[in-house]
There are 2 protein chains.
Amino acid sequence: MQQAALELFTRDGYAATTAAAIAARADVTERTFFRYFPDKREVLFDDGQRLEHLLTDALDAGPHVVAEALPRALRAVAADMEPRRKSLAQRAALIGSVPELAERELGKLQVWTRSLTRTLTGWGVDELSAAASAEVAMAVFRAAFTRWVADGESRKLGDLLGEAVTAVGLQWGIAEG
Amino acid sequence: MQQAALELFTRDGYAATTAAAIAARADVTERTFFRYFPDKREVLFDDGQRLEHLLTDALDAGPHVVAEALPRALRAVAADMEPRRKSLAQRAALIGSVPELAERELGKLQVWTRSLTRTLTGWGVDELSAAASAEVAMAVFRAAFTRWVADGESRKLGDLLGEAVTAVGLQWGIAEG
DNA sequence: ACCCCGGTTGTCAGTGACTGACAACGGCGG
DNA sequence: CCGCCGTTGTCAGTCACTGACAACCGGGGT
């Protein structure tokens, strides 16, 4: 159904695509659609939950050192996304052009951020540092992701992410040193 | 209607309050309600547009120096909110407990952030610095606001804001110097 | 006093997102 | 072959939201 939804949204626009139409294209009834997705928007976001787990799992799977673990977590997500650039770009374009979807995305990203923060505080990192680090990590990821989907000549997300991390590291380093 | 809506949402819950009920309490029809507010959530947010103008106007109304203008803008908004603590706290509690509303709030805050960023770039500030400064300003404001509405013994929002600004200034100063 | 006019409101009918209740179906272990 | 459970279809209903049109209302010109 996700596939069907993405196609129809892209072709006819989000508002003009009814839940029934998506269901029909996926050969189920509207009722079934709403059994899988709590609402029409969610059909574009439920994959996000998997990524959230990936993110926090990768964070925990290795040394509990913030400056090392956060990049590791971001890389894990990047690796998962890497082979799906086409559809992710399509999805991003859609979300960017429909306020209703953009709002939902913000909500999801905030949940991710909180999730990272909670994991870090679980390690003993103080609340403020944890929250700040998580916010920065997400900002870095968004920056890299945005460039990735906008990029004409398919650079790898992992590379863009690496550059962004390094850039922040340098800024941070200069500022601190 | 805003008043009616806030009361009903608080008393019966957001989901359980129909648009028709709000309209009825304000002695208008449902149709009129939707002429003033594009959707049910917006009844809690339309005041935000006024604040957004206040924010950017205050930013421009004085020396175009980022480190001075941003605090000035935040203070202007704080001054406007100061006498309305009760209802703002009520509103904040509501928004915090209804995901649907929390999403909308995130969207609005992002708009404010972009609005600040645009004003700053209009002064010749480079895109990255402008965006970063705007994000920090909003984060500071949110931190102060959160403490303000949670605070039992009514400290002034302006004061909390001042402390938050100073705290960030110090951190920043130490980091840079 | 009369009219006319633009803006606000009410009325009505309709669409589409979403939900609850129940029936029908389809493998699968006994 | 039967009963069982999880998935799906069906149906009826609620509610957010919209477009079209009629009714109303205060003011400005004659």
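The briefing below goes from chain A as a whole to a helix pair in chain B and then to DNA strand C.

This is a predicted model, and its chain A is made up of nine helices with zero strands. The surface near DNA strand C draws on helices of chain A and of chain B.

**Chain A overall**
- Read from the N terminus, the elements of chain A follow the order α-α-α-α-α-α-α-α-α, and its C-alpha atoms fill a box of roughly 60 × 35 × 25 Å along the principal axes.
- Chain A has 177 residues, of which 24% count as buried, and among its contacts between residues at least 6 apart in sequence, 52% join residues at least 24 apart.

**A helix pair in chain B**
- Helix H5 (residues 66–81) of chain B packs against helix H8 (residues 127–150) of chain B at an angle of about 35 degrees, the two axes being 11 Å apart, and the crossing of H5(B) and H8(B) is right-handed.
- On the H5(B) side the contact is formed by Val66(B), Leu70(B) and Leu74(B), which meet Ser133(B), Ala137(B), Val140(B) and Phe141(B) of H8(B); the residues of this contact comprise six nonpolar, one polar and no charged.

**Surroundings of DNA strand C**
- DNA strand C is surrounded by 13 residues, the closest being Thr18(A), Asp39(A), Lys40(A), Arg31(B) and Thr32(B).
- Two or more residues each come from helix H2 (19–25) and helix H3 (30–36) of chain A and from helix H3 (30–36) of chain B, with H3(B) giving the most, three residues.
- By residue class, the surface near DNA strand C divides into five nonpolar, three polar and five charged residues.

Notes:
Residues numbered from 1 in each chain as written. Chains lettered and ligands numbered in written order. Predicted model: local features only at pLDDT ≥ 70, side-chain atom pairs only at ≥ 80, totals over all residues. Helix = DSSP H or I, 4+ residues; strand = E, 2+ residues; numbered from the N terminus. Buried ≥ 20, exposed ≤ 12 C-beta atoms within 10 Å, placed from the backbone. Contact = placed C-beta atoms within 7 Å. Axes fitted to C-alpha atoms, helices over the stretch in contact; angles between N-to-C directions. Left-handed = near helix turned anticlockwise from the far one by under 90°. Nonpolar A, V, L, I, M, F, W, Y, C, P; charged D, E, K, R; others polar. Near = placed C-beta within 6 Å.
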